[in-house]
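I opened this entry to record what I looked up in the model. The sequence and structure are placed below for reference.

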Amino acid sequence: MKASVVISVYNCEDIIDKTIPKILEQNFPVEEFEIIIINDGSTDNSHRLLKNYDHHKNLKIINHKKNKGRCATRNSGIKQAKGNIIIFLDCDIEVDKNFVLFHVSFHENENIIGLLSNVVPNISKNKTKYNKFLSYKKRGAKLYGNQKSLPYKYFIFTATSVKKFALEKTGLLNEELKGYGIDLHYSYRLYKNFPDNLFFESSIKVKQYKLKSFSTALNDFKDYGSNNLPIVLNLFPELHRDVGLSLFKNNTLTSKILRTLIFNKLNKFLCDFLIILLPSNLCNHFIKIRLLFELADGYKHKICDK
């Protein structure tokens with residue numbers, strides 16, 4: 001079998017009927033790929049809605065009795081997958097009919113171990129500044145474009161394919177991690193085995209439906225700093241720089257002074273003011289800094305103020 005599509009589902013009743021049918025309408029031989037849906041203990045009607053699709057011969061549904069997190073859902077999919085290429089999809093992603101075909105075709109290049117799709121928001125009007133920041137053409141993987149090896153910190157698993165033998169060599173995801181940080185942790189492990197083999201492909205466009213508000217993102221980053229980040233940095237302390245927290249790598253007097261001068265309420269207020277004042281794109285830098293402030297705030301209370 002050429003490919004396995006692993007879809008993580010949690011409380012997606014409002015989006016299932018927009019996303020699942022698209023992956024079932026692929027321009028690819030049905031006998032050459034499988035779809036594995038993992039319902040991660042959803043408490044809404046996701047379980048009932050998924051039953052509408054379980055008659056498809058290349059589709060399998062796995063139900064977790066309780067919510068275990070996205071690492072656990074992906075691991076369940078990896079364990080069941082028979083394809084040589086595993087394509088990971090979040091449940092709010094809509095793909096076109098050539099999605100699987102394109103991923104399989106690009107993987108014919110032996111140099112490609114992992115391939116990231118071009119994720120764009122499913123809105124064209126009334127985007128918030130934060131939504132525009134997320135889709136900005138000079139941000140993240142888009143900075144590198146096609147045909148260039150992608151840094152691990154930009155290799156996210158929202159709509160991404162990886163050769164199965166590479167996943168087997170790297171091992172399963174850490175189920176202790178939930179929420180932000182799981183992609184960085186696994187991508188870095190993957191990168192250590194295959195340092196020049198992660199890529200981005202702008203032509204494989206997918207639409208993302210569930211877009212977070214800026215306030216929700218700030219809360220998520222603070223939670224990331226408090227919970228997942230200490231685990232990740234304890235395992236890989238060299239990643240302090242990649243998350244923008246080099247000043248937190250040690251507790252020397254100089255580091256403490258610099259942290260106090262930079263990560264304080266006044267600078268946070270100035271960022272908030274400039275984000276409101278400046279137009280989109282011009283405020284992107286301050287959105288990035290503001291997210292970093294929340295990350296640092298969560299992390300410092302967990303690590304530095306013991």
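What covers the buried residues of α1? I noted first that the model is predicted. I then found that the cover includes β1, β2, α2 (46-50), β4, β5 and α4 (99-106).

I next listed the buried residues of α1 (residues 16-24), which are Ile16, Thr19, Ile20 and Ile23. They lie on the same side of α1, because the arc they cover around the axis is only 90°. I recall that an α-helix has 3.6 residues a turn, so residues three or four places apart point the same way.

β1, α1 and β2 form a right-handed β-α-β unit. β1 and β2 run parallel and are joined by seven bridges, and I noted isoleucine 35 in β2 as the bridge partner of valine 5. On to β3, β2 again runs parallel, with six bridges; asparagine 39 stands opposite asparagine 63 in β3.

I checked burial in β2 and found eight of its eight residues buried. Phe33, Ile35, Ile37 and Asn39 point one way, while Glu34, Ile36, Ile38 and Asp40 point the other way.

I then traced the whole sheet.

Methods:
Residues are numbered from 1 along each chain as its sequence is written. This is a predicted model: local features need pLDDT of at least 70, side-chain atom pairs count only at pLDDT 80 or more; totals for chains, interfaces and linings use all residues. Side-chain values use heavy atoms; hydrogens and water are left out. Buried means under 20% relative accessible area, exposed over 50%, partly exposed in between (1.4 Å probe, protein chains only). Helices (H or I, at least four residues) and strands (E, at least two) are DSSP runs, numbered from the N terminus. The arc is that of the directions from the helix axis to the C-beta atoms. Contact means heavy atoms within 4.5 Å. Two strands pair if DSSP finds at least two bridges between them. A crossover is right-handed if, with the strands pointing away from the viewer, the path from the first strand over the helix to the second runs clockwise.
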